[in-house]
Amino acid sequence: ALFIGRFASGALATYEATRFALGRKNAMRVEINGELGSLAFDFESMNELSFYDGTDEDQTAGFRRVLVTEPTHPYIGAWWPPGHIIGYEHTFTHEVYDLLTDIHNGTDPTPSFADGLQVQRVLAAVESSAGDESRWVSL
């Protein structure tokens with residue numbers, strides 16, 4: 001599947017999904033590129049971010065590998081010493097913790113059911129577009 005989206009701000013987004021990319025085990029990659037830099041996350045390397053600062057000098061410019069298991073990580077205190085990886089299974093523990101904390105505090109959890117509904121609306125628009133000669137579908 002491949003589709004193009006436009007945010008309310010006018011920014012464009014491209015989305016691609018396939019189960020046929022040879023060599024990929026579970027590559028769910030999110031990449032944000034802007035006029036001042038780029039940020040990329042790939043689920044196959046879930047403990048690191050790739051960061052590019054567009055304001056760096058040419059001779060030092062390049063992507064930086066940022067480990068997200070340092071003491072400032074919001075959940076690392078519940079697990080291992082800094083620098084040790086947090087695994088796939090830990091994310092579910094974090095989600096349950098956040099949900100129960102929000103319920104206890106009387107705050108709306110994020111993402112919310114409304115967020116999930118918006119995702120379903122986007123997917124329905126993609127399906128509608130694909131069935132109508134790939135015409136643009138507004139939400």
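Just after helix α1, Gly-106 takes a positive phi of about 70°. Helices (H or I, at least four residues) and strands (E, at least two) are DSSP runs, numbered from the N terminus. This is a predicted model, in which local features need pLDDT of at least 70, side-chain atom pairs count only at pLDDT 80 or more, and totals for chains, interfaces and linings use all residues. Residues are numbered from 1 along each chain as its sequence is written, and side-chain values use heavy atoms, with hydrogens and water left out.

**Sheet**

- An open sheet is formed by 4 strands in the order β3-β4-β5-β6, with antiparallel pairing. Two strands count as paired if DSSP finds at least two bridges between them.
- β3 (29-34) and β6 (64-67) stand at the edges with a single partner strand each, so one side of each has no neighbour in the sheet.
- On average, neighbouring strands of this sheet are turned by 20° against each other, direction ignored. The axes here are lines fitted to C-alpha atoms, for helices over the stretch in contact; angles run from 0 to 180 degrees between N-to-C directions.
- β3 and β4 run antiparallel and are joined by 6 bridges. They form a hairpin with 2 residues between them.
- Asn-33 has Ser-38 of β4 as its bridge partner.
- Strand β4 (residues 37-42) and strand β5 (residues 48-53) also run antiparallel, joined by 5 bridges. Phe-41 has Leu-49 of β5 as its bridge partner.
- Strands of a sheet pair through backbone hydrogen bonds, either parallel or antiparallel.

**Helix α1**

- Helix α1 (residues 88-105) has 18 residues. From first C-alpha to last, α1 reaches 27 Å, close to the 26 Å expected at 1.5 Å a residue. The expected span is 1.5 Å times one less than the number of residues.
- His-90, His-94 and Asp-102 are buried in α1. Buried means under 20% relative accessible area, exposed over 50%, and partly exposed in between (1.4 Å probe, protein chains only).
- Seen down the axis of α1, its buried residues fall within an arc of 110°, so they line one face of the helix. The arc is that of the directions from the helix axis to the C-beta atoms.
- Leu-100, Ile-103 and His-104 are exposed, on the face of α1 turned away from its buried side.

**Largest pocket**

- The volume of the largest pocket is about 1900 Å³. A pocket is an open set of points on a 1 Å grid over the protein atoms alone, where a 1.4 Å probe fits, with protein on both sides within 12 Å along at least five of seven lines. Grid points are joined across faces, edges and corners, and a volume is the space filled by probe spheres set on the points.
- The largest pocket is lined by 46 residues. Lining residues have an atom within 4 Å of a point.
- Phe-3, Thr-14, Tyr-15, Glu-16 and Ala-17 lie nearest the centre of the largest pocket.
- Two or more lining residues come from each of β1 (2-6), β2 (12-16), β3, β4 and α2 (113-131). The largest share, 9 residues, comes from α2.

- Most residues other than glycine have a negative phi, and most peptide bonds are trans.
- A cis peptide bond joins Thr-110 and Pro-111, with omega about -5°. Pro-111 is in the loop between α1 and α2.
- Glu-133, in the segment after α2, has a positive phi of about 55° although it is not a glycine. Glu-133 is exposed, with a relative accessible area of 65%.
- Ser-134, in the segment after α2, has a positive phi of about 60° although it is not a glycine. Ser-134 is exposed, with a relative accessible area of 60%.
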